[in-house]
Amino acid sequence: MTAISTRIVRANQKLRSTRDTLLARDVALLGARVGLGWIFVYHGAGTLFGAFGGSGIHPQAVYFAHVAHLRPGTFFAVLGGIIECFGGAAVALGILGRLAALGLVGDMVMAMITVTFGHGIIGDASGSGYELNIALAALALVIAILGTGRFSLDQALRALLVKGSQAP
């Protein structure tokens, strides 16, 4: 073997050994949670409160009723905003993360069914496609299946409860 191929083999072995560690898994879940949460809080706060340049409840209710054909539009706008804003925050913080992530998966599936699926995966002149919905739903599904990891409020609360129950 040449010196370069030996280095490549060693680097590959090192990568494989770190990929399977709990620390790597927890760091990856933390990054996924924060990124996913950021997107959903941003979008949900815009829907609920008009934050970050979002339209707010009334325009969203009109959109839900007329474009997504979800009636009553106000109910579905508020429901979607709550799932996105507070579900995104829960995922990012890692509190009830699996349940919140399932809510986000459902939110993205509904967005695909009611609005984006008809435009194709990339979209057309009449609207955006469902590629982002698939990516966000898949990432939320990973968190729903694997959980929030050790760097989460769920773990911190669990550690406090266990410690408190062991007190004399």
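Let me begin with the largest nonpolar core, which has 15 residues, and in which Leu 36, Phe 40, Val 91, Ala 101, Leu 104, Ala 140 and Ile 143 touch the most other members. Two or more residues of this core come from each of helix H2 (22–49), helix H4 (73–93), helix H5 (97–116) and helix H6 (131–146). A second, separate core has five residues, among them Ala 61, Phe 64, Ala 68 and Ala 77.

Some terms before I go on. This is a predicted model: local features need pLDDT of at least 70, side-chain atom pairs count only at pLDDT 80 or more, and totals for chains, interfaces and linings use all residues. Residues are numbered from 1 along each chain as its sequence is written, and side-chain values use heavy atoms, with hydrogens and water left out. A nonpolar core is a set of buried Ala, Val, Leu, Ile, Met, Phe, Trp, Tyr and Cys residues joined through side-chain atoms within 4.5 Å. Buried means under 20% relative accessible area, exposed over 50%, and partly exposed in between, with a 1.4 Å probe and protein chains only. Helices (H or I, at least four residues) and strands (E, at least two) are DSSP runs numbered from the N terminus.

Back to Phe 40. Setting aside neighbours within four places in sequence, Phe 40 is in contact (heavy atoms within 4.5 Å) with Glu 84, Cys 85, Gly 88, Leu 104, Asp 107, Met 108 and Leu 136.

Next, the helix pairs. The axes of H2 and H6 come within 10 Å and cross at roughly 135 degrees. H2 is therefore oblique to H6. Axes here are lines fitted to C-alpha atoms, for helices over the stretch in contact, and angles run from 0 to 180 degrees between N-to-C directions. Under 35 degrees counts as roughly parallel, over 145 as roughly antiparallel, 65 to 115 as roughly perpendicular, and the rest as oblique. Residues of H2 that meet H6 include Leu 36, Ile 39 and Phe 40, and those on the H6 side include Leu 136, Ala 140 and Ile 143.

H5 and H6 have axes 8 Å apart and pack at an angle of about 155 degrees, so these two helices are roughly antiparallel to each other. Among the H5 residues that meet H6 are Ala 101, Leu 104, Val 105 and Met 108. Buried residues of H5 include Gly 97, Asp 107, Thr 114 and Thr 116. The buried residues of H5 pack against H2, H4, strand E2 (127–128), H6 and H7.

Is Ser 152 buried or exposed? Ser 152 is buried, at a relative accessible area of 7%, and sits in the loop between H6 and helix H7 (153–165). A polar atom of its side chain lies 2.9 Å from the backbone oxygen of Gly 149. Not counting residues up to four places away in sequence, Ser 152 touches Arg 33, Leu 93 and Gly 94.

Phe 49, in helix H2, is exposed, with a relative accessible area of 58%. With residues up to four places away in sequence not counted, Phe 49 touches Cys 85 and Phe 86. Phe 49 and Gly 81 are 32 residues apart in sequence and 8.9 Å apart in space, C-alpha to C-alpha.

Last, Gln 60 is in helix H3 (residues 57–66) and counts as buried at 17% relative accessibility. Leaving aside neighbours within four places in sequence, Gln 60 is in contact with Thr 47, Ser 55 and Ala 77.

Terms used:
Polar contact = N/O pair within 3.5 Å; in protein donor to acceptor, adjacent residues only side chain to side chain.
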